Amino acid sequence: MKDKILDDQPLILFLTDFFGSRNKAQHLRFIEEWLQLVMTSNFYAKRNNPADILYFHDQFVELYQLLFKLSQDETASEKLNVVISENCQQSSFYSNLQYLSEEELENPLLVIKDVFKDYDFTFYKTVLREWLEESLNSGFSDGISESIFPLYTNTKRIIEACWILHHCVKERDLTKETNNTPTYFEQTCPRLLQEEHLIDPYMEIESFFSGTSLGEYRKDLKDWFRAALIEHVSVKHSSTLVYFHDQLIQLIHAGYLIVNNNLEYKRNEAYCS
């Protein structure tokens with residue numbers, strides 16, 4: 001079981017989405033281009049549209065808020081320290097990180113402490129707002145605040161620090177999943193087959209294909225596929241689809257038994273007459 005105290009940390013959940021929308025390199029490039037946007041007339045139409053800038057402004061505000069809360073939470077920090085020490089001692093992973101010291105690479109939480117040593121969350125939130133407003137102005141801005149530069153520098157550092165944290169948690173989860181992989185079919189199956197089908201899972205397959213024609217199954221799958229992909233399209237008879245879904249689940253269970261037990265199929269009737 002995962003550590004509930006750690007996994008309930010909003011920061012851990014947030015980083016999954018944060019690095020799911022863009023990876024570390026893309027976030028760093030965004031910060032570079034965002035600064036150029038207020039320092040020069042450069043504009044990257046595909047990546048710097050106002051909606052995109054506003055979205056990532058909001059994400060960075062939330063990130064700073066969560067990091068500030070973490071800096072005030074000794075229990076959560078200690079939990080993360082354990083995860084880092086057990087899962088992040090991989091020098092090859094650090095080779096493409098350029099804004100952290102060797103000490104910070106070993107313990108990225110030091111970055112969070114340092115970022116909030118001279119500035120609090122209110123400072124970062126205010127300057128992020130100024131940065132947003134300046135970047136949405138057209139053309140070159142002469143009134144850029146000098147406060148943007150410590151924000152710019154620290155943001156690049158926390159992106160790399162958070163990338164390490166995100167990587168460590170992923171490594172921990174992968175290790176736990178590998179170590180806790182169930183070895184019994186009952187543990188991997190949310191819904192067991194009938195007893196006679198557990199003894200002879202080929203009976204489940206025979207039952208499946210005796211239920212209706214191959215053409216009907218293809219039609220059901222096609223309807224299901226269209227409903228899933230096309231907006232405003234739905235399945236007319238949902239109860240039929242639910243039944244078909246359950247049949248597919250049982251079919252997968254039967255196949256699992258056959259493959260894992262290397263069962264030979266013995267047919268009692270001729271293939272065709």
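Predicted model: local features only at pLDDT ≥ 70, side-chain atom pairs only at ≥ 80, totals over all residues.

Biologist: Let's start with Gln59: in which helix does Gln59 lie?

Modeller: Residues are numbered from 1 along each chain as its sequence is written, and side-chain values use heavy atoms, with hydrogens and water left out. Helices (H or I, at least four residues) and strands (E, at least two) are DSSP runs, numbered from the N terminus. Residues 50-71 form the helix that holds Gln59, namely H4.

Biologist: Is Gln59 buried or exposed?

Modeller: Buried means under 20% relative accessible area and exposed over 50%, with partly exposed in between (1.4 Å probe, protein chains only). Gln59 has a relative accessibility of 8%, so this residue counts as buried.

Biologist: And which residues does Gln59 touch, not counting residues up to four places away in sequence?

Modeller: A contact here means heavy atoms within 4.5 Å. With residues up to four places away set aside, Gln59 touches Phe14, Phe18, Ser21 and His27.

Biologist: How is H4 oriented relative to H9, parallel or antiparallel?

Modeller: Axes are lines fitted to C-alpha atoms, for helices over the stretch in contact, and angles run from 0 to 180 degrees between N-to-C directions. H4 and H9 (residues 121-136) have their axes 10 Å apart and pack at an angle of about 170°. Angles under 35 degrees count as roughly parallel, over 145 as roughly antiparallel, 65 to 115 as roughly perpendicular and the rest as oblique. The two helices are therefore roughly antiparallel.

Biologist: How many nonpolar residues does the contact of H4 with H9 have?

Modeller: Ala, Val, Leu, Ile, Met, Phe, Trp, Tyr, Cys and Pro count as nonpolar, Asp, Glu, Lys and Arg as charged, and the others, Gly among them, as polar. On the H4 side, the residues include Ile53, His57 and Phe60, and those from H9 include Leu128, Arg129 and Leu132. Besides three polar and two charged residues, this contact of H4 with H9 has a nonpolar count of 12.

Biologist: Which residues is His57 in contact with, leaving aside its neighbours within four places in sequence?

Modeller: His57 is in helix H4, and its relative accessible area is 5%, so His57 is buried. Outside its sequence neighbours, His57 is in contact with Trp34, Leu128, Arg129 and Leu132.

Biologist: Is Arg129 buried or partly exposed?

Modeller: Arg129 lies in helix H9. C-alpha to C-alpha, Arg129 is 9.2 Å from Asp58, although the two are 71 residues apart in sequence. Because its relative accessibility is 43%, Arg129 counts as partly exposed.

Biologist: Finally, which residues is Asn96 in contact with, leaving aside neighbours within four places in sequence?

Modeller: Asn96 sits in the loop between helix H6 (91-94) and helix H7 (102-106). With a relative accessible area of 45%, Asn96 is partly exposed. Beyond its sequence neighbours, Asn96 is in contact with Lys24 and Glu160.
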